[in-house]
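Dear colleague,

I am passing this structure on to you, together with some notes on what was found in it. Please look it over before you read on.

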Amino acid sequence: MSAFCLKFSAGVHTYISFVLIILHGLPEAQGVWPLPQKITQSSETYPLYALSFTFRYANDSVAQPGCSVVDEAFRRYFTLIFPDYSVRNAKGEPFALVVSVQSGDCDSYPDENSKEDYNLLVDAGQALLKADTVWGALRGLESFSQLVEQDDYDAYYVNKTEIVDSPRFPFRGILLDTSRHFLPVPAILETLDAMAYNKFNVFHWHIVDDPSFPYQSYSFPDLSDKGAYHPFTHVYTQMDVQKVISYARLLGIRVMPEFDSPGHTQSWGRGQPGLLTPCYKGEVPSGTFGPVNPTVSSTYVFMDRLLKEVNAVFPDSYIHLGGDEVSFTCWKSNPQVREFMKKMGFGSDFTKLEAFYIENIANMTTALNKTSVLWQDVFDYHEKIPKSTVLLVWKGLPPKYYSEMSRMTKAGFRVLLTAPWYLNHISYGQDWRAAYTVKPLNFSGTEEQKKLIIGGEVCMWGEYVDATNLMARLWPRSSAAAERLWSDEDQTSSLTTAYDRLTEFRCRLVRRGIRAEPLYVGYCKHEYKGL
């Protein structure tokens, strides 16, 4: 073992209590959500006492004391493992959680190639966690924290367990829309916490849209000064953005920004005159504006400078460029746009004009050594985009989105599925079931095509969502998607089994302060205490 040891305080039993526990017996562990690829447990249990519990780095670990990601995780998980310990009864048999990390990426950010596999062996007096990377260590620490239970006398224990685990898909995301309703930074950080509990690893930040532009750009300050709901109270400063990115890093979560254009840009136009297309009524301007004007050079000068800033601010290799739901009505009404169409030989096919714009923007991200992410509309319009582009499938029911996935992967593109996980849509009853029974690879295609499905994400659009209802609407329904994206599909096919496990996990979320809504009638031993 390393000489380094993080030691914390927590609860212990008296001898009389310990005897009573033996007489009454200990319940078996409730397991881990999302379900590991392989987990073996026995009824043999080991008591845990917080004052006698330590986190340690193994001698052979490349990561050692001073590794910010793991050091911070040790501090964070102590509180999660021992949430309500009593100091007066906090000492007993020692137990060590020993972590061995094989590569030293302590100061880096998680990326698209980050490995998250880990092995965990829990035995008498010790748990050994082995991972290739610090990101895998984080996933293993989360699993260990979920193995720890309390008996009827509030004594902590853990079952003898062996886990061999890795994610089914490398991209498991959640989208938050901070334009339609502004989400304060603490609400975003709380979402990141809950994402880590569920082993999500990408925060898709749909930061701006038609209603408001809360991102405070240092290159174009008027964008938020004139485009945000309020230029001081409803903006994300550069410090706010860095706080989110830094917080996410310590949880092993990537932050993928989205600056959607050429549509969804009404708020942009307030702070950037000349960017949007003037709409016409007959031969005269109507006074309204449409999408970004793709026919003038100033548009591309602006976008190039903005994307260079985004590249500097957000370390992730993915930039989401949008490209969805572009209305052609305004473009069609504008005589200058029609003249440009004629000059370019586009005829009356305005999808070619959108393609012209997107191709230029995608080339800018390529020049920045970034990967473009786009909504499926871009592919549907047969636009010429780099093969490195990642496409999100967001439209329709299974027959439609399976067909789309088949066509995209046949064309050689990497694909993310989001269509079945628009969880801002709600219905009465147990609608988590629909999210759980999704089969992401159930489309027609070769094995090579199916390898191009790199994951999926939950979308929480903000028309009817703000900080007052965000967490309850996300959780535990997003947990259903989390297990589908992490776990083996064959082992997680039973809704009945999933219900029992998810009910227990939802109570764990509630105890951790997450306002996760109930699945159905019932109760939690530790009810929500945050109100």
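Leaving aside its neighbours within four places in sequence, which residues is Trp 475 in contact with? Before the answer, please note that this is a predicted model, in which local features need pLDDT of at least 70 and side-chain atom pairs count only at pLDDT 80 or more, while totals for chains, interfaces and linings use all residues. Residues are numbered from 1 along each chain as its sequence is written, and side-chain values use heavy atoms, with hydrogens and water left out.

With those neighbours set aside, Trp 475 is in contact (heavy atoms within 4.5 Å) with Ile 174, Thr 191, Ala 194, Met 195, Asn 198, Phe 200, Leu 509, Ile 514, Ala 516 and Glu 517. Trp 475 and Phe 144 are the residues with the most contacts inside the largest nonpolar core, which has 136 residues. Such a core is a set of buried Ala, Val, Leu, Ile, Met, Phe, Trp, Tyr and Cys residues joined through side-chain atoms within 4.5 Å, where buried means under 20% relative accessible area with a 1.4 Å probe and protein chains only. Helix H4 (residues 185-197) gives the most to this core, with nine residues; helices are DSSP runs of H or I with at least four residues, and strands are runs of E with at least two, both numbered from the N terminus. A second, separate core has 15 residues, among them Leu 175, Trp 375, Leu 392 and Ile 454.

Turning to the strands, E14 (residues 318-322) has five of its five residues buried, with Tyr 318, His 320 and Gly 322 on one side and Ile 319 and Leu 321 on the other. Strands pair if DSSP finds at least two bridges between them: E14 runs parallel to E11 (residues 254-261), to which two bridges join it, and also runs parallel to E15 (residues 371-375), to which it is joined by four. Within these pairings, Glu 258 stands opposite His 320, and Ile 319 stands opposite Ser 372.

Finally, where is Ser 487 placed, and is this residue buried or exposed? Ser 487 lies in the loop between helix H17 (477-486) and helix H18 (495-511), and Ser 487 is buried because its relative accessible area is 0%. Apart from neighbours within four places in sequence, Ser 487 is in contact with Pro 34, Leu 35, Gln 37, Arg 168 and Thr 492.

With kind regards

Notes. Buried < 20%, exposed > 50% of the residue type's maximum accessible area, 1.4 Å probe, protein only.
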